[in-house]
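Visitor: I am new to this structure. Please show me how to read its features, one at a time.

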Amino acid sequence: MNYKNITIAGSGVLGYQIAFQSAFHGFNVTVFDINDDVLEKAKAKFKTLSEAYKKDLNATQQQIDKTHLNLNYTSDLAEAVKDADLLIEAVPENPAIKIDFYKKLAKVAPEKTIFATNSSTMLPSQFAESTGRSSKFLALHFANTIWIHNTAEIMGHATTDPKVFEDVVAFAKAIGMLALPLHKEQPGYILNSLLVPLLSAATSLLVNEVADVQTIDKTWMKATGAPLGPFAILDVVGITTAYNIDKIAADKTKDPLKIKTVAYLKEHFIDKNKLGISTGEGFYKYPNPAFRDSDFLK
């Protein structure tokens, strides 16, 4: 693996974290997004991340300064990938958006550039043809707060070049990740194959009025010893991501409960811009959510 130049497409919930983590570990990183306003918001998030790295990783100011020097920004896709060894796609979890992005990317990316999707639930084989370089395409999936929950799941598809797979595993390790290679395609990888059913069950209990948010979270936290309940996790993941996943499932299966869940999330959260930690409110209000209260489990 001789990657030096990394491009991150999308500066949303995970994109900006992947960019900062890669820059922190010495890679030259270009952050691409749809316009300069979005990129300015990313820069503000990097300031917040800087303080988190100091607190959680004991990073020095010198390390943080070097990290920021390794970060570059552009809303011009051709400019973003002109020297890229690896491009990590972190655009919205919507198949049409991803396919459109890859078709545009294929026209401007150098032959050397490896493409990786950070899709949480979709398979690389769904987009391989659109990339125009099937053998140089695979999935590289990160958990949220990647500097702490530093997992990287690497998943190829039928025609992924084994050398490309090995190089991406090596890259994941080079940016401080616990590399988790998968031997075959699996919707949701390992992490979300375990996590999504939990979150889905929690929202079903809520939508069906079995119990409220805090009671459901208390149940999970107290009974299992988990530090967060499913709704606190959803606030971290981002309610937009959960909404998109549920909408895809609802459109595909026509399941009445999924349809009801999508409508509930749209009415109570999406339309009100209550998207989780990123907007200061989701199922809980931040920066002081109720589940952090010392008497929450009493």
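Visitor: Which residue takes a positive phi just after α7?

Guide: Gly-176 does, with a phi of about 85°. Before going on, note that this is a predicted model: local features need pLDDT of at least 70, side-chain atom pairs count only at pLDDT 80 or more, and totals for chains, interfaces and linings use all residues. Residues are numbered from 1 along each chain as its sequence is written, and side-chain values use heavy atoms, with hydrogens and water left out.

Visitor: Which residues other than glycine have a positive phi?

Guide: Thr-145 is one of them, with phi near 50°. Thr-145 sits in the loop between β6 (137–142) and β7. Glu-209 is another, with phi near 60°. Its place is the loop between α8 (191–207) and α9 (213–224). Asn-58, which follows α2, also has a positive phi, near 55°.

Visitor: How do I check the length of a helix, say α2?

Guide: Start from the expected span, which is 1.5 Å times one less than the number of residues. Helix α2 covers residues 36–57, 22 residues in total, so it should span 32 Å. Its end C-alpha atoms are 30 Å apart, which agrees. Helix α7 (residues 162–174) has 13 residues. It reaches 18 Å from first C-alpha to last, close to the 18 Å expected.

Visitor: What lies at the start of each of these helices?

Guide: Look for a polar contact there. That is a pair of N or O atoms within 3.5 Å; within protein, one must be able to donate a hydrogen and the other to accept it, and residues adjacent in sequence count only if both atoms are side-chain atoms. Asn-35 caps the N-terminal end of α2, with a side-chain oxygen 3.1 Å from the backbone nitrogen of Asp-37. At the start of α7, a side-chain oxygen of Asp-161 comes within 2.8 Å of the backbone nitrogen of Lys-163.

Visitor: Which residues of α2 are buried?

Guide: First, the general idea. An α-helix has 3.6 residues a turn, so residues three or four places apart point the same way. Buried means under 20% relative accessible area, exposed over 50%, and partly exposed in between (1.4 Å probe, protein chains only). In α2 the buried residues are Leu-39, Ala-42, Phe-46, Leu-49, Ser-50, Ala-52 and Tyr-53. They pack against α1 (15–24), β2 (28–32), α3 (61–69) and β3 (71–74).

Visitor: How many bridges join β7 to β8?

Guide: Four, and the two strands run parallel. β7 covers residues 151–155. Ile-154 stands opposite Pro-181 in β8.

Visitor: Where does Ile-154 belong in the nonpolar core?

Guide: In soluble globular proteins, nonpolar side chains tend to be buried together. A nonpolar core is a set of buried Ala, Val, Leu, Ile, Met, Phe, Trp, Tyr and Cys residues joined through side-chain atoms within 4.5 Å. The largest one has 42 residues, and Ile-154 is among those with the most contacts inside it, as are Ile-6, Val-29 and Phe-46. A second, separate core of 26 residues includes Leu-195, Phe-269, Phe-283 and Ala-290.

Visitor: What does Asp-246 touch?

Guide: Contact means heavy atoms within 4.5 Å. Leaving aside neighbours within four places in sequence, Asp-246 is in contact with Lys-258, Thr-261, Val-262 and Leu-265. Asp-246 lies in helix α11 (residues 239–253), and counts as buried because its relative accessibility is 7%.

Definitions and conventions
Two strands pair if DSSP finds at least two bridges between them.
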